Amino acid sequence: MRLNIEEISSRIKQEIASYTDNLHMDEVGTVVELGDGIARIYGLRGAMAMEMLEFENGAHGLALNLEEDSIGAVILGEYVDLHEGGTVRRTGRVLEVPVGRGLVGRVVNPLGIPLDDQGPITATRTRPVEFKAPGIRDRQSVKTPLQTGVKAIDAMVPIGKGQRELLIGDRGTGKESLAMDAIINQKGTGVICVYVAVGQKASMVAGIVDALRSHGAMEHTIVVAATAAEPAALQYIAPYAGCAMAEYFMYEEHRDTLCVYDDLSRQANAYRQLALLLRRPPGREAYPGDVFYLHSRLLERAARLNDDLGGGSLTALPLIETQEGEVSAYIPTNVISITDGQIYLRTDLYNAGIRPAIDVGLSVSRVGGNAQIKAMKQVAGSLRIDLAAYRELEAFAQMGTELDKATQRQLARGARLVEALKQQQYSPLPVEEQVMVLYAATRGFLDDVPVARVRDFETRFLDYLKREKPEILAGVKNLGTLSEPEVLSQVLAEFKKTFVGAGAGA
């Protein structure tokens, strides 16, 4: 019997094509080394960078080092029950987190797992934690103000939607307070906020959540927490996860978002720990060579998209903690060079009772007046110069030199400007009320008010405007400009009579 080879091969091909059994193949590797949340894996030759891996106990890992004969991965979860020789499977997906409206008002870890005992997350969408930043053609210039409610910021170092503004200072100078005021001030504006807590005590995160909830800010806020008790891998990915959650609202719903990263110093420390355990070559201060890229690829994702892409925005407020005011250290200088300006807070100002303790000389916004309404430009145009001149004269006056009357007047005006810029925590002011206070301070209406009564003047004057002249506040709010400053001057003069009569001059 003669065999027809072509007929046999054709028949085999037909059988293969019609084979319907569900065949599932996994690429499986083996753990060859394990310790401190790091696993070295042999056998996953097709793994991608930043791919999620699944260990046999259900924990997930992240492929970071792709070497010739093995993979260096960090474990995102419990690793005490893992052992060498255990199996690891590829998932074929890069690291993703759940996104969507179901996360708003919740406290989650960087993997999107809820931490607030309010049930499971209802999100149906996911986004990769690492995402390419929008290019130049996809952006538009930053020109819309994002009001923080803090007089010193909105007047002198304004922040625009899509900007990256650094909050920098020593421990305990009020960086978190300013960030939280900015979040609280977005209530009712439609801005979605994401607060990322990296390496903090769990009790401190709980206090932040309680404060946001008590001021009604959790209704528009997502809190992503990677506490000090969490593995370094979770602290490393936390800012990227928070950014991905905000990007959903920017790209998909075309909304404005605000991301607070508290703080990137701790993220850099966590990344240094991972890099050293993965045996990457250490560089300056033992940080790996790509520590600049660690923060630049995160902060470059902040942008205001052009109208073709919906016009949404992501504003970034990264925090950096300095040691003894050393702004020229490695990580602070890196982040300063990436951001669009910085707000520098000084310990000596904080201890002197000047809060927020903003150093006007070292603080800058590279967006400037583009992120201010016209009314704020009208009243605060010379504020920074006046304060700088006051600081110089104050230092000169401490030498005991006799001063002429013009210098004394300038010192008196400066002292009242400083007092007018002070603000309590969790009490952000609407921009129209800020304009009223700053107008009174910069136009000399506070010059004969005792310094100790300036805050009282501010409170009573704003109450007087709301009660007697609400149209002035409404005009600034609706038009964005102070159209009749002479009317406001008359109102201030009338109010001062009643204020002095109440004992302000005592």
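This is a predicted model: local features need pLDDT of at least 70, side-chain atom pairs count only at pLDDT 80 or more; totals for chains, interfaces and linings use all residues.
**A guided tour from lysine 175**

Setting aside neighbours within four places in sequence, lysine 175 is in contact with Leu167, Ile168, Gly169, Asp170, Leu319, Ile320, Glu321 and Leu345. Display these residues together with lysine 175, which belongs to helix α3, residues 175-184.

Which side chain of opposite charge is nearest to lysine 175? That side chain is glutamate 321, at 4.8 Å. A salt bridge requires a side-chain nitrogen of Lys or Arg within 4 Å of a carboxyl oxygen of Asp or Glu, and lysine 175, although buried, has none. Next, show the backbone of glycine 169: its oxygen is reached by the side chain of lysine 175 at 3.3 Å.

Is asparagine 109 buried or exposed? Its relative accessibility is 8%, and it therefore counts as buried, the cut-off being under 20%. Apart from neighbours within four places in sequence, the residues in contact with asparagine 109 are Leu115, Val224 and Ala225. Asparagine 109 and valine 449 are 340 residues apart along the chain, and 50 Å separates their C-alpha atoms.

The next stop is glutamate 253, in the loop that lies between α5 (232-251) and β13 (256-262). With neighbours within four places in sequence left aside, glutamate 253 is in contact with Arg101 and Tyr248. Show the side chain of arginine 101, where a polar contact of 3.0 Å joins it to the side chain of glutamate 253. Then select glycine 311, which is 58 residues from glutamate 253 in sequence; the C-alpha to C-alpha distance is 9.8 Å.

Finish with a pair of helices, α13 (residues 431-442) and α15 (residues 470-479). At what angle do the axes of α13 and α15 cross? The angle is roughly 115°, and the axes come within 8 Å. The crossing of these two helices, α13 and α15, is right-handed. To see the contact, select Glu432, Glu433, Val435 and Met436 on α13, then Ile472, Leu473, Val476 and Lys477 on α15.

Definitions and conventions. Residues are numbered from 1 along each chain as its sequence is written. Side-chain values use heavy atoms; hydrogens and water are left out. Helices (H or I, at least four residues) and strands (E, at least two) are DSSP runs, numbered from the N terminus. Buried means under 20% relative accessible area, exposed over 50%, partly exposed in between (1.4 Å probe, protein chains only). Lys and Arg count as positive and Asp and Glu as negative; His and the chain ends are not counted. A polar contact is a pair of N or O atoms within 3.5 Å; within protein, one must be able to donate a hydrogen and the other to accept it, and residues adjacent in sequence count only if both atoms are side-chain atoms. Contact means heavy atoms within 4.5 Å. Axes are lines fitted to C-alpha atoms, for helices over the stretch in contact, and angles run from 0 to 180 degrees between N-to-C directions. A crossing is left-handed if the near helix is turned anticlockwise from the far one by less than a right angle, and right-handed if clockwise.
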